[in-house]
Structure formats: C-alpha cells, structure tokens
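User: I'm new to reading protein models and I'd like to learn how it's done. Could you walk me through this one, feature by feature?

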Amino acid sequence: MTAEKKKEIFKIYGTSVYDTGSSKGQVALFTYRINHLSNHLKNNKKDFNTERALVKLVGKRKKLLKYIEKRDINNYKKIIKHLGLRK
C-alpha cells in the first residue's frame, strides 16, 4: 500500500489526511487491506500466513466497529453503508 493511497483513505473517511487515529479512518483502511488480502488468497490458496493475517485484521475491524456502534450509532450506520459491509 502506498502512502498516497493511505492519505486518500484518511481524507475520505477521517477528519483530515493526518488524522490517522480516527476509528472511522482505521476501519476504512482495514477494509481496504482485507479486500486486498482476500484477492491475494483467491490466487494463492496455500498462503496460510496471509490467511492468518486476514483473520486478525477482520477481528481488529470487528472490535473497532463495535466501539463505533457504542459511541455513535449514526456514524456506525453511515460507515457500514458507505463501505458496503454486511450488518
């Protein structure tokens, strides 16, 4: 992942380009990385290290989404809809 892509993600989902600690920005970044790893695993079925990393990322994203849901349900619904996540 390039630095420009990260800045673009945080610009769209965070409050600014440099606000890398916001929960919404992190969820968006994790979603991008999860999609990238999923595509990688479709071609490389025996890459078990990447599969483990994918499972860990999904867990981190799930925890952050729970946090956002507790804090602000409207933001939670908006980010779920915008990222196209199931729930």
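Predicted model: local features only at pLDDT ≥ 70, side-chain atom pairs only at ≥ 80, totals over all residues.

User: What share of the 87 residues counts as buried?

Analyst: The cut-offs go by relative accessible area: buried is under 20%, exposed is over 50%, and partly exposed is in between, using a 1.4 Å probe and protein chains only. By that rule, 31% of the 87 residues are buried. In α2, the buried ones include Ser23, Gly25, Phe30 and Ile34, and the buried residues of this helix pack against α1, α3 and α4.

User: Which residues have the most contacts inside the largest nonpolar core?

Analyst: A nonpolar core is a set of buried Ala, Val, Leu, Ile, Met, Phe, Trp, Tyr and Cys residues joined through side-chain atoms within 4.5 Å. The largest one has 20 residues, and Val27, Leu65, Ile79, Ile80 and Leu83 have the most contacts inside it. Two or more residues each come from α1 (3-13), α2 (23-43), α3 and α4 (73-83), with α2 giving the largest share, seven residues. Follow Val27 to see how this works: beyond its neighbours within four places in sequence, Val27 touches Arg61, Leu64, Leu65, Ile68, Ile79 and Leu83.

User: Is Thr31 buried or exposed?

Analyst: Thr31, in helix α2, is buried because its relative accessible area is 4%. Its side chain has polar partners too. A polar contact is a pair of N or O atoms within 3.5 Å; within protein, one must be able to donate a hydrogen and the other to accept it, and residues adjacent in sequence count only if both atoms are side-chain atoms. A polar atom of the Thr31 side chain lies 2.8 Å from the backbone oxygen of Val27, and a 3.3 Å polar contact joins the side chains of Thr31 and Arg61. Skipping neighbours within four places in sequence, Thr31 is in contact with Arg61, Leu83 and Leu85.

User: Where is Thr50, and why does it count as buried?

Analyst: Look in helix α3, residues 48-71. Thr50 counts as buried because its relative accessibility is 14%. Its side chain makes a polar contact of 2.6 Å with that of Asp47. Aside from neighbours within four places in sequence, Thr50 is in contact with Leu37, His40 and Leu41.

User: Which residues does His40 touch?

Analyst: Not counting residues up to four places away in sequence, His40 touches Asp47 and Thr50. His40 sits in α2 and is partly exposed, because its relative accessible area is 29%. Its C-alpha atom is separated by 9.5 Å from that of Glu51, 11 residues apart along the chain. Asn39, also in α2, is partly exposed at 45%.

User: Which residues are closest to the centre of the largest pocket?

Analyst: On a 1 Å grid over the protein atoms alone, a pocket is an open set of points with protein on both sides within 12 Å along at least five of seven lines, and lining residues have an atom within 4 Å of a point. The largest pocket holds about 250 Å³ of space. Of its 12 lining residues, Val58, Arg61, Leu65, Leu85 and Arg86 are the closest to its centre. Both α2 and α3 give two or more residues to the lining, and the largest share, four residues, comes from α3.

Terms used. Residues numbered from 1 in each chain as written. Heavy atoms only, no water. Contact = heavy atoms within 4.5 Å. 1 Å grid on protein atoms, 1.4 Å probe; cavity = no way out; pocket = protein on both sides within 12 Å on 5 of 7 lines; lining within 4 Å. Points joined across faces, edges and corners; volume = space filled by probe spheres on them.
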